Every structure is written in structure tokens, then in C-alpha cells.
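Have it open beside you and follow along.

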Amino acid sequence: MSVLQKPAGPPAATGPVPFLSRMHEWVTTVDHKKLGTMYVTCGIVYLIIAGLEATMMRWQLAWPGQEVLSPEEFNRLFTMHGTTMVFFVGMPILLGAANVLIPLMIGARDLAFPRLNAFGFWLFFFGSLLLYFSYFGGQGLYGMGSAPDVGWFAYAPLTERTFSRGHSTDYWILGIFVAGIGSTATGINFIATILGMRCKGMTLMKMPLLAWIMLIDSVLIVVALPPLAAGQIMLLFDRLLGAHFFDAQAGGSALLWQNIFWFFGHPEVYILILPGFAFVTEIIPVFSRKVIFGYPLMVAATVAIGFISVGVWAHHMFAVGLSPMLNAIFMGSTMLVGVPTGIKMFNWVATMIGGKIRFETPMLYSTGFLCQFLLGGLTGIFLATVPFDWQVSDSYFVVGHFHYVLFGGLVFAIFAAVYYWFPKVTGRLLNERLGKWQFWLLLIGFNLTFGPMHVSGMLGMPRRIYTYHLDRGWEFWNLLSSIGVIIQLVGFSLFAWNVLHSLFKGRIAGDDPWDAWTLEWSTTSPPPAHNFDEDPVVHSRRPLWDLKHPDDPDWKYE
Amino acid sequence: MVQMCGCVGWLAGLPLGSTAAGATLPAAPTPSMFDPVGEPAAVILDITWLLIGICGAIGLIMLCLIGFAVLRCRRKEGDHREPAQVYGSNPIELAWTVVPLMIVFVLFMVSARGIFDLEKTSPPEGSLEVTVTGHRWWWEFDYEGLGIVTAGELHVPIDDDGPADLYLTLKSADVAHSFWVPQFGGKMDVIPDRVNHLWLQVDRPGVFVGQCAEYCGNQHANMLITVIVEPRAEFDAWVAAQQREAVEDPAVAAGKRLFLRTSCINCHTVRGTVANGTFAPDLTHLMSRSTIGSGVVPNTPENLREWVWDPQLVKPGCEMPSMKLSRDEVDLVCSWLETLK
């Protein structure tokens, strides 16, 4: 086989490139790897910013009646924390990772529309700046220090001009709107790439599961983001042109916003978590040394999640007074989404059992993901149960639940992915020892922070309160949560140090440091601009396995 | 202020909070959903135990499987051979598709029954009907049949012969709020373009607390609810007292004149006077309430003066402005307010 020949390394540099030229190269690039790297880097910067915002909130809530923050400051912080984490941490990291990985994994030269890809990135970038500019420009000439304080789901009519003065909410609308256009364009780009640019031999059912999951994810992006954009434009009309879509006093409907927002909002959380699934689906087999268990069922489960997730949005609205029948229907659809998710869970564990697991950092984080996502998924079943939801909806139980899914799940999966693919992107390995320390600190810190929130929620503590009275009996659980944050901070600092250090001093990785099986490991680390010197040809889902085991190739069994 | 209690008192287990000049209430228990006081909350708790049982079992099984893989399926030192490649197994995969489906079906049926039991569209016979209006950031309770409007504190009667039903009609004056007293049952959102209903039940006297559960702006955290469940006789006495117009006390006439001359009357009602504003709590029987500012501080003479002096110091961001009265004028107004028993 002449396939999968290693490309020649990058051409030897002729003298140092001037700083300005290098910056120019990054700003004008349409290369999917560079854009992906920029996405992920921005995402991690915003992760730090939004994490610090959360830290300040936990400081305020560590004890009843603290006056670290004023109510306005606290309300702005949780709005910015939520908005940033969803739109400017989760989205860019998943778009960035997919950007880097999809072409490499399907053996393509780049995405289908490289310039559209760059356009999408810059829309995201400037959208995020627009949101954060609200801290300076939210009150126009009246002063600094304002930002949107309407919560990340911005319920009407709190966002109407009557209740939200100044322009901070306008910045919230525009920032997300602009970034959303970029994400939609990139989603279309991914779909076109995956459907049209796979290498020779890679039928849909021979794609790596990451590509499958990102395909479904992209479809969800294209389905879910435009309704949000429409809703935001309606809101902007309300605020700036005197329309009355959501203004209940003038005949608008406050509930309409909730429907529009969650019609976007629920698929959105699947858009965020599916890439997490994708990462661990690639990582667990490699470190268990076993092929993924039940590939066709994994594909089916992903498609099922995609379909069901657009039909569950009203489970965010069980407490708004829908009819019993509607409540029951949405409870059913929500519980149903647990089935394909459970299938994935079982298949990951079945892949591990009978394997010969190497617990290097990516596998550690993946295992952490499995346990924590399991807990988050189970509390999801709790919340799907309408009567229980009537109690804890909008309480700290919900905060605990979605942090188990998005932090314990997604962020741990992201760390798994960063440790796994960092060597491919940079050519250097991250430090394993620091990575393991970071893992254990995050594991303890995370559970200490978000575990107790389930309890405080069931003890009656609503979310988004800037203070509480001592006689409510929530102080112990809140103190635990805040202590957990300190441990997390140490963990995150280790990560920052690890990345900066390894970028320059890390061990040279080589092409295939993990002895993996998918196409990206067949090219150099970092890959050349054109990715592969020769167009790869594949015969199975694990082309490098076939190469390494010519006597026992995969395509005999698939 | 009251909030500055600090760690030390908590660790020493000292009783906290100062004595109130208004009606003093016993401390309320933690608003835990595990301590239900009526049927809705009890039904929800039953479903919760079922959930904990089923989901707990699933979680335990999964954690055991993961634990087994982590402990027993590691690569041994020096073992470089790949393990057997298992591509899947139709019967096994079918099993973990069908069994979860069956579990979901059972859970769905049980919970759906809960929904239809708890979501009542008409009041049960003999229930107390109250219209609750959410305002930024306080609750208005309108006992329609009784001609009483009060704020922050809801009084509910209970007879010896069993639990009392409570049927709330929920409206909002501005943005979305949510009415939640966990020990009585689930919450219900209060949305400006909707009229919602919530059936609750109480089965023992006592003081119970809850608060607004839907983010509604600046002082969302201090939009508290206190419910006083009391024997029928006490409730009737309270109703009779509430139905009276504001007391006339010539000794504090100057304070009353000042109040009526200031723009207080644009927002507040004091029945029996010209003050008939509806934007803010009815003050006709202010001193029958144990807290001010919707629960933010106890109703003591000092707190009342602090509040009238500048509400923004007590509840920053609330809708009541400082009326720029002098300290003497504040004293004058408060001496009248303190007669509104």
C-alpha cells in the first residue's frame, strides 16, 4: 500500500520570521489548523475570565450576608459567567477542536470553505469583544462598570427597556447574534466538509465517530441558532424601535421569549456536550487498546440524540403553568433522550472492560468524564420528572446538575482532548506529572463545589441570589462549595503553567505518541499546511490499526 | 445590620436575629423539600424517593462497572500485546437499549400520574383562595373574599380536623417571578401575561419560609415569603384586625400629616386615609408584620427608621427612594407608622 506515507516535514526555516509577519500570518490565515488553534486559545482565555467571575460569586456566597459584591455587580457576574461559558468558551472550543480535527481525521486538505471558516472565527471573536465592551459602554456616556444583568437566558420582560436601562442588554443581544452567525456558517461548513470531502474509501460508516458526532452537532447548530437570532432581533426591535413582541404590558408575550430561547437553548446544551462525547469516544478506545464497542449503535444513538433534543425544550418551562398534558409530553421526550445517552455510556464502559487500559492523562480525564457525566445525566432524569422539577427548578439543584454535565462532563472531556491532541497541534507533549496533579485537584475541587449544590437546592436555595439569610440553613453547603473553588483554582493554574511551559520546553511528541489509529496520527506533528502529502486511502474505521496489524486488519470484521 | 452575624455566632450556636417590635415570629425551619407539610409536597417527596432508588441503583451499577474496568483491566507492566478486539454484540446492545426504555416507561407513568394529581385547575372544596401578585421585589397577598391586602407574610388558617387547602392565583405586576415555599409543594412561575394557579396544602401550624425563584432583577435575593399557619381562632382574630381601618391616634397626628403630605401616598395605601397608592405594600397594618422590605430585616423601631431614612441602605436597588426627610421627620413619620397595628 502506498497510502499513509509520511509527508516530508515542514521546510527548514530560512532565518527568523519577523514578529509582524508572523502576526499577519495568523490574522489572514484560512488554514483550519490555525483557525482551530485560535478558537481554542480564545476559548481557554474566556474560560479563565468566566472562571474568575464565578470565583467572585462563590466568594460572595461563601457566607450569608457578605458584602463583597453589590447586588448589581453580582447579577452582572452571573449573566456574564453564563453567557461567556456557553457562547465564548463552549462554542469556540468545540468549533476549534472540530476545525483542527475534522479535515485531519477524514483525510481532507482543509474545510470545504476555508474563507467562510475564517469569517466565522472573526465573527465569533468580535462578537465576544462586543459583549465584553458592555462593561465599558453599557451605559453610554454615563459611566463604566455596567454589563448585562438579565441572566444568560434573558427572560422577557426583564430585558425590555422599562426594566433594563442603558445599552448593556443591547450589547448582549448583538454580541451573541454576531457570534451566532459565525457559528451557523461554520456549522454549514462542517456539514459540507464531512459529507463532501472524505478521503478515498471512507464511506459514512467508516468515518471516525468524532466526525459522525460533529456532523450531527453541526446539524443541530444550523437548526438551533437561527431561531435564537430571530428572537434576538425581535428583542432588539422591542428595545430600540418600540415593538412589543415580548412586552406583556403592551400585549406582547413574555412566554414567547421562553419558547424561542429554549427552542434554541436545549439543543444548544447538546451542541455543547456532543463534542465532549466525540472526544472521549476517540480517546477511550486508544487507551483501552480496544476498538469502540458497537460502532453502528453509537452512530444511531447520536442521531437519536440529535432528533430528540429538538423536542424537549419545554422541560425548562415546567413551572410556567403549562397544561398537564403538555408537561407530560415533554417529560416523556426528555426521559427518552436518556436512553441513547445511556447506550453511549454503556458502550464506552464496554470498550474499557476487557481492554488493557493505560492511564495517561487523556484517559484519566475521560474516566473522570464518565463518572461525573453519569451523575449529571442521572440528575437530569430527576429534573425531567415534572413533579420533582416543580420543587427544584431554578434552584441550586439545577446549578449542580448542569455543572456536572458541562463542567464535570464537557470540561473534563475538553481537558482529555487538550492533553490528547496538543502534541499533534504543537509537536510537543504536555507534562504528564503536572497533568495528573491537575486532574486530581480538579476532580476534588469540582465535586466539592458542585456536589453540595444539589443539597442546598433541595433545601430551598434558589439560583441567582446574591445573598441569603443565616436562618435558612444553607451556610454549610455554600461554604463547602466555595472551598472547592480554591482547590479548582490551583488545578487551573497548574494547567496554565503546563501549557505555557510545554509549548516551549515540552517533550517532542513525534507523529504518533499515543499509538493511535485514526488518520491524523499518520501525518507529522504539527501537520504541514496541506495536511497529507498523498491523499490517504482507507479500508476501515481504524486505518492505522490496519497498517500496524497487516495480518489482522479491521476491515475483515466491520 | 442584621446580616452581619458572622461565623462566630454560628459556630457557637447562638440564637441570632434581634427581637422585633412588630409581631415576633418563631424561627422558621430550613425550607427543605424533605420536610413536607402537605399533600403536594408529600407526593413530590414520594416520587423523589422513587427517583433516588431507581437512579441510585443505575448509578451504582455503572460506577461498579467503571470501577471494575479501572481496577481490573489495566495494562500490566511489560505487556505489549493488544487485547482481543470486540466489535460489539447485538444481544448485549439490545439489552441496554430495551431495559432503559422499560425503566423510562415506568418512571413516566408514575410521574405523569403525579402531574395530573397535583396540577389542579379549580380550587378544592373549602380551600382558602388568595391572589398573589409578584412585584419587584415583594409579594402582595389579596384575600379576595375577606377584603384584606397584605404584603410579604401570608396567613393561613388550619382546623383540628385535618390539612387545609390553599389555592393561589398568581399574577405579576412587572416581570416574571416564581412562588416557592418548598415545604408546601412545588413552585409556580408568576408571569405578566398569564394567570397561573397553584394548589398547596398545610397540615400543621407553624412558620414556613420560601422565596422568589425566578430571577427578577436587582433584589431577587430579597423577595422573601413568610407563611404563618395558625389555628382557625387566631386566624379569625388576625382577619378581624386586618379588616379594620388604620387606627387614629391624636398623639401622632403630626407624623400622619407629614406622611400624607409626602409622596409616600403615591405608592402606599393606608386605609382610612387619603393614601391609596398600589405600587407598594399596603401599610394599614404595618406593625402586624414581623419584617420589613419583604423579609429583608426584622420590623424593629431602629430598622424601621433606617428604612424610612434611606431604603437603599437596607435593600440596595429597591424601588422605594429615600424621601430626603430629616432625622426628626423620620422619627415623626415612624412614630405614626408604629401605631399602625
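**Entry 1: a helix pair in chain B**

I started with helix H6 (residues 301–309) of chain B and helix H8 (residues 327–337) of chain B, whose axes come within 10 Å and cross at roughly 125°. I kept in mind that this is a predicted model. How are H6(B) and H8(B) set relative to each other? Angles from 65 to 115 degrees would be roughly perpendicular and those over 145 roughly antiparallel, so I wrote the two helices down as oblique to each other. The crossing of H6(B) past H8(B) is right-handed.

Next I listed who makes the contact. H6(B) brings Leu304(B), Arg305(B), Val308(B) and Trp309(B). From H8(B) come Val330(B), Asp331(B), Val333(B), Cys334(B) and Leu337(B). Sorted by class, this contact has 7 nonpolar residues, 2 charged ones and no polar ones.

**Entry 2: where chain B touches chain A**

I then turned to the contact of the two chains, which takes 80 residues from chain A and 82 residues from chain B. Which elements of chain B give two or more residues to the side that touches chain A? I found helix H1 (6–12), helix H2 (39–72), helix H3 (90–118), strand S7 (188–190) and strand S9 (206–211) of chain B. H2(B) supplies the largest share of that side, with 15 residues. By class, the side of chain B that touches chain A has 50 nonpolar, 21 polar and 11 charged residues.

**Entry 3: chain A as a whole**

I wanted to know how the radius of gyration compares with that of a compact globule. With 558 residues, such a globule would have a value near 24 Å, and the 23 Å of chain A agrees with that.

Two more numbers went into the notebook. Of the 558 residues of chain A, 62% count as buried. Among contacts in chain A between residues at least 6 apart in sequence, 82% join residues at least 24 apart.

I looked up cis bonds to begin with. The peptide bond from Ala156(A) to Pro157(A) is cis, with omega near -5°. Pro157(A) sits in the loop between helix H4 (114–137) and helix H5 (168–196) of chain A. Another cis bond joins Ser525(A) and Pro526(A), with omega about -10°. I placed Pro526(A) in the loop between helix H14 (475–505) and helix H15 (543–548) of chain A.

Then came positive phi values. Arg289(A) is not a glycine, yet its phi is positive at about 60°. Arg289(A) belongs to the loop between helix H7 (254–288) and helix H8 (295–309) of chain A. Is Arg289(A) buried or exposed? It has 23 C-beta neighbours inside 10 Å, and the cut-off for buried is 20 or more, so I noted Arg289(A) as buried.

Asn531(A), also not a glycine, has a positive phi near 70°. The loop between H14 and H15 of chain A holds Asn531(A). With 22 other C-beta atoms within 10 Å, Asn531(A) is buried.

Technical notes: Residues numbered from 1 in each chain as written. Chains lettered and ligands numbered in written order. Predicted model: local features only at pLDDT ≥ 70, side-chain atom pairs only at ≥ 80, totals over all residues. Contact = placed C-beta atoms within 7 Å. Helix = DSSP H or I, 4+ residues; strand = E, 2+ residues; numbered from the N terminus. Nonpolar A, V, L, I, M, F, W, Y, C, P; charged D, E, K, R; others polar. Axes fitted to C-alpha atoms, helices over the stretch in contact; angles between N-to-C directions. Parallel < 35°, antiparallel > 145°, perpendicular 65-115°, else oblique. Left-handed = near helix turned anticlockwise from the far one by under 90°. Rg over C-alpha atoms; globule rule 2.2 N^0.38 Å. Buried ≥ 20, exposed ≤ 12 C-beta atoms within 10 Å, placed from the backbone.
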